[in-house]
Amino acid sequence: MSRALLVVDLQNDFYEDGALPVPEASRINARVNGLLESGDYKVIVASQDWHPENHKSFAVNQGKDPYTPFNNGKGIGPLLWPVHCQQGTPGAEFHREIKTEYFNYIIRKGTDPEVDSYSAFRENNGTDLGLAALLKGLDITEVDVCGLALDYCVRFSALDDVRAGFKTRLILTATRGVGATPNDIDDALKEMKEAGILIIE
Ligand SMILES: [Zn+2]
């Protein structure tokens, strides 16, 4: 068996009652748990958005409104966000329904106040987070990706996964999008398909 599961950012702040809510997020929990319990994966990796309070992706730290388009060319943008997933806060914890005991590894990202990190593989300025090397070291050749949010962290993680040479599948029933701007979700699916990612139920 050479397949891994990458579970992206299943944290309280990305659920319906959270600071950066993804519509219908809680509807994926049963499906995600089914994947976690399936026995189909050699390795299960979870990513966890993990920001310091002075993080520059927070709109308040730029004196702007949340969801404002913003790009400083150095790893912040294309959007600014509400304060979310602050280190050590309840909003940064994994959702209580998720069977986290199946996680073999947790990759924390977004810890540098100057740089956002949508992908679990690298920060938005390109800094490698080590996940591709970890998976290759464990003889993984195929990766299934799920989690939150489809149009940001799942999208960027899946794209980096396929670029790193893994056969990549997006589990559509185990992800939901933010839809911060109208075409985000459709654009994300189109970009992933064109990159060679298989989109399955
Ligand atoms: Zn974040």
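**Figure 1. Strand S4 in the predicted model, a strand largely enclosed by the rest of the structure.** Six of the seven residues of S4 are buried, so the strand is largely enclosed by the rest of the structure. S4 comprises residues 142-148. Six bridges join S1 to S4, and these two strands run parallel. Within this pair, Val7 stands opposite Cys146 in S4. S4 is also joined to S5 by six bridges, again in parallel orientation. Here Asp144 is placed opposite Arg169 in S5, and Val145 has Leu170 of S5 as its bridge partner.

**Figure 2. The open six-stranded sheet.** The strands are arranged in the order S3-S2-S1-S4-S5-S6, with parallel pairing. S3 and strand S6 (198-200) stand at the edges; each has a single partner strand, so one side of each is left without a neighbour in the sheet. On average, neighbouring strands of this sheet are turned by 25 degrees against each other, direction ignored. Helix H1 packs on the sheet, where H1 touches S1, S2, S4 and S5. The direction of H1 makes about 140 degrees with that of S5. Strands of a sheet pair through backbone hydrogen bonds, either parallel or antiparallel.

**Figure 3. Buried and exposed residues of helix H1 (residues 29-37).** Val32, Leu35 and Leu36 are the buried residues shown in this helix. Seen down the axis of H1, the buried residues fall within an arc of 100 degrees, so they line one face of the helix. An α-helix has 3.6 residues a turn, so residues three or four places apart point the same way. On the other side of H1, Ala30 and Glu37 are exposed. The cover over the buried residues of H1 includes strands S1 (3-8), S2 (43-49), S4 (142-148) and S5 (167-176). After H1 comes Gly39, which has a positive phi, near 75 degrees.

**Figure 4. The β-α-β unit formed by S4, H3 and S5, and the packing of H3 with H4.** S4, helix H3 (residues 150-163) and S5 make a β-α-β unit that is right-handed. Two packed helices are described by the angle between their axes and the distance between the axes. The axes of H3 and helix H4 (residues 184-194) come within 10 Å and cross at roughly 10 degrees. H3 is therefore roughly parallel to H4. On the H3 side, the contact is made by Leu150, Asp151, Arg155, Ala158 and Leu159. The residues contributed by H4 are Asp184, Ile185, Ala188, Glu191 and Met192.

**Figure 5. The surroundings of Phe121, a buried loop residue.** Phe121 lies in the loop between strand S3 (105-109) and helix H2 (131-137). This residue has 26 C-beta neighbours inside 10 Å and therefore counts as buried, the threshold being 20 or more. Apart from residues up to four places away in sequence, Phe121 touches Leu129, Leu131, Ala132, Ser157, Asp160, Asp161 and Ala164. Pro21 and Phe121 are 100 residues apart along the chain, and their C-alpha atoms are separated by 23 Å.

Terms used:
Residues numbered from 1 in each chain as written. Predicted model: local features only at pLDDT ≥ 70, side-chain atom pairs only at ≥ 80, totals over all residues. Buried ≥ 20, exposed ≤ 12 C-beta atoms within 10 Å, placed from the backbone. Helix = DSSP H or I, 4+ residues; strand = E, 2+ residues; numbered from the N terminus. Arc of directions from axis to C-beta. Contact = placed C-beta atoms within 7 Å. Pairing = 2+ DSSP bridges. Axes fitted to C-alpha atoms, helices over the stretch in contact; angles between N-to-C directions. Right-handed = clockwise from strand over helix to strand, strands pointing away. Parallel < 35°, antiparallel > 145°, perpendicular 65-115°, else oblique.
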